[in-house]
Amino acid sequence: QVQLVESGGGLVQPGGSLRLSCVASGHIFSINDMRWFRQSPGKEREFVASITWSSDSTYGGAVKGRFAISRDNRAKTEYLQKNSLKPEDTAVYYCNAEVKPKGVMEYRTYWGQGTQVTVSS
């Protein structure tokens, strides 16, 4: 069984910073791309950032230049450093990863349970 668990959410003032973490655990053979998405009330889930095994990264337009995604392959962990936060960044943030479980031939997509980030004064 593979699990993704996010942490690091909370309340932060506009202009502040926050770092989210997502740890993958279970019977994992390898992890390919890792990603972050977010969803605000009444809106569709939005792509935030992705990172490959070799740390090539891609960002959604709303966060480019303010957020930075990184990963530690040995720790099976991805991070999202969020700077210059705005009220519109308020959302539940979900991590996502392409994981090949042990004993399985193909990569499968897994999601974390989400962590709330609220940007407010």
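View 1. Among the 27 residues of the largest nonpolar core, Trp 36, Val 48, Leu 80 and Tyr 93 touch the most other members. A nonpolar core here is a set of buried Ala, Val, Leu, Ile, Met, Phe, Trp, Tyr and Cys residues joined through side-chain atoms within 4.5 Å. Buried stands for under 20% relative accessible area, exposed for over 50%, and partly exposed for what falls in between, with a 1.4 Å probe and protein chains only. At least two core residues come from each of β1 (2-7), β3 (18-26), β4, β5, β7 (67-72), β9 (91-101) and β11 (115-119). Strand β9 gives the most, with five residues. Please keep in mind that this is a predicted model, in which local features need pLDDT of at least 70 and side-chain atom pairs count only at pLDDT 80 or more, while totals for chains, interfaces and linings use all residues. Residues are numbered from 1 along each chain as its sequence is written, and side-chain values use heavy atoms, with hydrogens and water left out.

**View 2. The protein chain as a whole, for orientation.** The protein chain has zero helices and eleven strands. Helices (H or I, at least four residues) and strands (E, at least two) are DSSP runs, numbered from the N terminus. The radius of gyration of the protein chain is 14 Å, close to the 14 Å that the globule rule gives for 121 residues, so the chain is as compact as a globular protein of that length. That radius is taken over C-alpha atoms, and the globule rule is 2.2 Å times the number of residues to the power 0.38. Along its principal axes, the C-alpha trace spans about 50 × 25 × 25 Å. Buried residues make up 44% of the 121 residues. Of the contacts with a separation of 6 or more, 55% are between residues 24 or more positions apart; a contact means heavy atoms within 4.5 Å.

View 3. The structure holds two aromatic pairs. Rings of Phe, Tyr and Trp (its six-membered ring) pair if their centres lie within 6.5 Å; planes under 30 degrees apart count as stacked, over 60 as edge-to-face and the rest as tilted. Phe 37 and Phe 47 have ring centres 5.8 Å apart and planes at 75°, so this pair is edge-to-face. Phe 37 belongs to strand β4 (residues 28-39) and Phe 47 to strand β5 (residues 46-51), ten residues apart. Phe 37 is buried, at 15% relative accessible area, whereas Phe 47 is partly exposed at 29%. Phe 37 also forms a tilted pair with Trp 111, at 5.0 Å centre to centre and 50° between the planes. This pair links distant parts of the chain, since Trp 111 sits in strand β10 (residues 108-111), 74 residues from Phe 37. Trp 111 is partly exposed, with 38% relative accessibility. Together, ring pairs link Phe 37, Phe 47 and Trp 111 into a cluster.

**View 4. Arg 45 over two rings.** The charged end of Arg 45 sits over the ring of Tyr 94, 3.8 Å from its centre. Arg 45 also lies over the face of Trp 111, at 4.7 Å from the ring centre. A charge sits over a ring if NZ of Lys or CZ of Arg is within 6 Å of the ring centre and within 35 degrees of the ring normal.

**View 5. Arg 66 and its partner Asp 89.** Arg 66 is placed in the loop between β6 (57-59) and β7, and is buried at 12% relative accessible area. A polar contact of 2.7 Å joins its side chain to that of Asp 89. Such a contact is a pair of N or O atoms within 3.5 Å; within protein, one must be able to donate a hydrogen and the other to accept it, and residues adjacent in sequence count only if both atoms are side-chain atoms. Not counting residues up to four places away in sequence, Arg 66 touches several residues, including Gln 81, Ser 84 and Leu 85. Ser 84 is found in the loop between β8 and β9, where its phi is near 50°, a positive value in a residue other than glycine.

View 6. Thr 77 is found in strand β8 (residues 77-82) and is buried, with 6% relative accessible area. Its side chain reaches the backbone oxygen of Ala 75 at 2.9 Å. Leaving aside neighbours within four places in sequence, Thr 77 is in contact with residues including Cys 22, Met 34 and Asp 72. Lys 76 lies in the loop between β7 and β8, and has a positive phi of about 55° although it is not a glycine.
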